[in-house]
Amino acid sequence: MKAERFDLIPFVLLAAATLGALALIRTPSTWVTLTVAGLAMGLLIFIMASGLTLVFGLMDVMNFAHGLFIAVGAYVAVTAMKLFGGTLAALAPALLATMLMAGALGLVFERVIIRPVYGQHLKQILITTGGMIVAEQLIHVLWGPDLLPLPRPEPLRGALLFGDVAIERFRLGAVLLGVLIFVAMALTLNRTKLGLLIRAGVENKEMVEAMGYRIRRLFVGVFVAGSALAGLGGALWGMYQEAVTVHIGAQMMVLIFIVIIIGGLGSVTGCFVGALLVGLVANYVGYLAPKVALGSNILLMVIILLWRPQGLYPVGKS
Amino acid sequence: MPSDLLKLEGVHTRIGQYHILHGVDFAVPRGELTMLLGRNGAGKTTTLRTIMGLWRASAGRIELEGRDIAQLDTPAVAGLGIGYVPEAMGIFAGLTVRENLLLAARNGPLDAARLEWIFRYFEALKKFWHLPAGNLSGGQKQMLAISRAIVEPRKLVLVDEPTKGLAPSIINNLIAAFAELKKTGTTILMVEQNFHVARSLGDSVAVMDSGRIVHAGRMAQLAADQALQNRLLGLSLEAQQ
């Protein structure tokens, strides 16, 4: 019997895209800066998207309001950073607060909005889109309609210089945090019984129930964790942009949907590779051909779906 | 005569606009292997799924040790000690053989002695322990599906057409494994189209037609009565002989 090897082709594609960009950009220092920026952007998108892909994989729930948790995370970060003094020491409690708030909101949202429409895709799209609109208006009421600044703590401003190469400190931090979250998520999914249940549930939720596990409880847990991660991602994205608007979540949703479709719905590894591809391509194309930058990710999605219609890492459902 | 572990009384099941089970009545004696036979579309799979709570009975009683479980949800039914092997096997293809069995062990870590007992009949599982289950052959997948249902002692195991599409050598292996499982006192309700398998393993039998039980009794009696077989099982039996 032939052992199934982990599919490395998407990672090879990622490396090829990165090296191909080096050949086109030609200036190594620019290439390094763009690559770090692309990785940071990709990993922040991964943090925001990972929960959504599992939610879809586990329960076939199409949550168009996922951006709500991103927006709430960003706005809570604005308030928390002000409250805690805006220093580096304030960052950890502020990010924790954003995760708690977004997670709590996720719990309420699942109970009130999602639960009544399980298994009804059209209603899910309508009600979650409606929920997103209502939530945006509530954010207007609570935080006002104006763009709010979200300055980074002083030690995360500026860049580190390595010869000709300038790397923004915040981007480097975002890369480290993103990798840490991916590793933690991969370990949870592959080394714990909870992770096994989530992976099994994505494949065949009926069989998981027939083995005595309550898939809905599992789903609520994943939904809350995914919302908390979206909140964290929103806070970090707000700091990345150094400003927050009420549309931050809705704007990110386009990229998030591209990422989870590219990756394969329900696949965390696919989401990771897809997010990195989207981040890198956006930065490289933005530098090389700014006029086509806007459509570059759509083009990337089209190319990948023509090659692998189920995404980079299709999840076999039975 | 052993007491009944499972008893169905007047069970009706509707799936959407379709009325599939029309008052199913039969009992599964404790410690025996009961065969549920019948033509395609008779309602055998629906009966197993209704017992598991995967489709809810619209009327009637399903009693496990005297307790009505008809309105329990699937995890609660499974939690009562019922193992289930669906017709499509339901293995998790992306998980390894080990991980599939690990999930099936609800009450703690895998029991090494029980695993060794399973490996005696299903050697392939030991060999491919760390391989994704999606890589296994059809017969090996069936072995895994059955092993998952019995990786811990269960009161009742529901098995839906375990020999479907398998090679004769693997079928013989399965027969030996179920015969051994019977010796442990496990109660089994098995849907089967292969009359040779049914005759080899069954202690009691219930035959379904059009969503109803049309015969219930001892397997030996049905196996000895050619006319009864022809009347109850008709073409599906002829195809097997």
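Predicted model: local features only at pLDDT ≥ 70, side-chain atom pairs only at ≥ 80, totals over all residues.

Entry 1: I began with A:F223, which counts as buried at 2% relative accessibility. I then checked A:F219, and this residue is buried too, with a relative accessible area of 0%. Both sit in helix α9 (residues 215-241) of chain A, 4 residues apart, so about one helical turn separates them.

Entry 2: Which residues form one aromatic cluster with A:F219 and A:F223? I found A:F69, A:F109 and A:Y118 there.

**Entry 3: a pair across the sequence.** A:F46 belongs to helix α2 (residues 28-59) of chain A and A:F272 to helix α11 (residues 268-288) of chain A, so the pair ties together parts 226 residues apart in sequence. Buried or exposed, I wondered about A:F46? A:F46 is buried, at 0% relative accessible area, and A:F272 is buried as well, at 10%. Back to A:F219 and A:F223 for their geometry: the ring centres are 5.8 Å apart and the planes lie at 55°, so I note this pair as tilted.

**Entry 4: chain A overall.** I count 12 helices and 4 strands in chain A. The C-alpha trace spans about 60 × 55 × 35 Å along its principal axes. For 318 residues, a compact globule would have a radius of gyration near 20 Å, and the 19 Å of chain A agrees with that. Buried residues make up 52% of chain A. Of the contacts in chain A with a separation of 6 or more, 78% come from residues 24 or more positions apart. The accessible surface is about 14,200 Å², with 71% of it belonging to carbon and sulfur atoms. I also looked at charge: the mean positions of the 21 positive and 13 negative charges in chain A are 4 Å apart.

**Entry 5: a helix of chain B.** Why is helix α3 (residues 97-104) of chain B largely enclosed by the rest of the structure? Because 6 of its 8 residues are buried. I listed them as B:V97, B:E99, B:N100, B:L101, B:L103 and B:A104. Their cover includes α6 (169-191) and α7 (193-203) of chain A, together with α4 (112-121), α5 (123-127) and α6 (138-150) of chain B.

Key:
Residues numbered from 1 in each chain as written. Chains lettered and ligands numbered in written order. Heavy atoms only, no water. Helix = DSSP H or I, 4+ residues; strand = E, 2+ residues; numbered from the N terminus. Rg over C-alpha atoms; globule rule 2.2 N^0.38 Å. Buried < 20%, exposed > 50% of the residue type's maximum accessible area, 1.4 Å probe, protein only. Contact = heavy atoms within 4.5 Å. Areas by Shrake-Rupley, 256 points an atom, 1.4 Å probe, with all protein chains shown as cover. Lys, Arg positive; Asp, Glu negative; His and termini not counted. Charge placed at Lys NZ, Arg CZ, Asp CG, Glu CD. Phe/Tyr/Trp six-rings, centres within 6.5 Å; stacked < 30°, edge-to-face > 60°.
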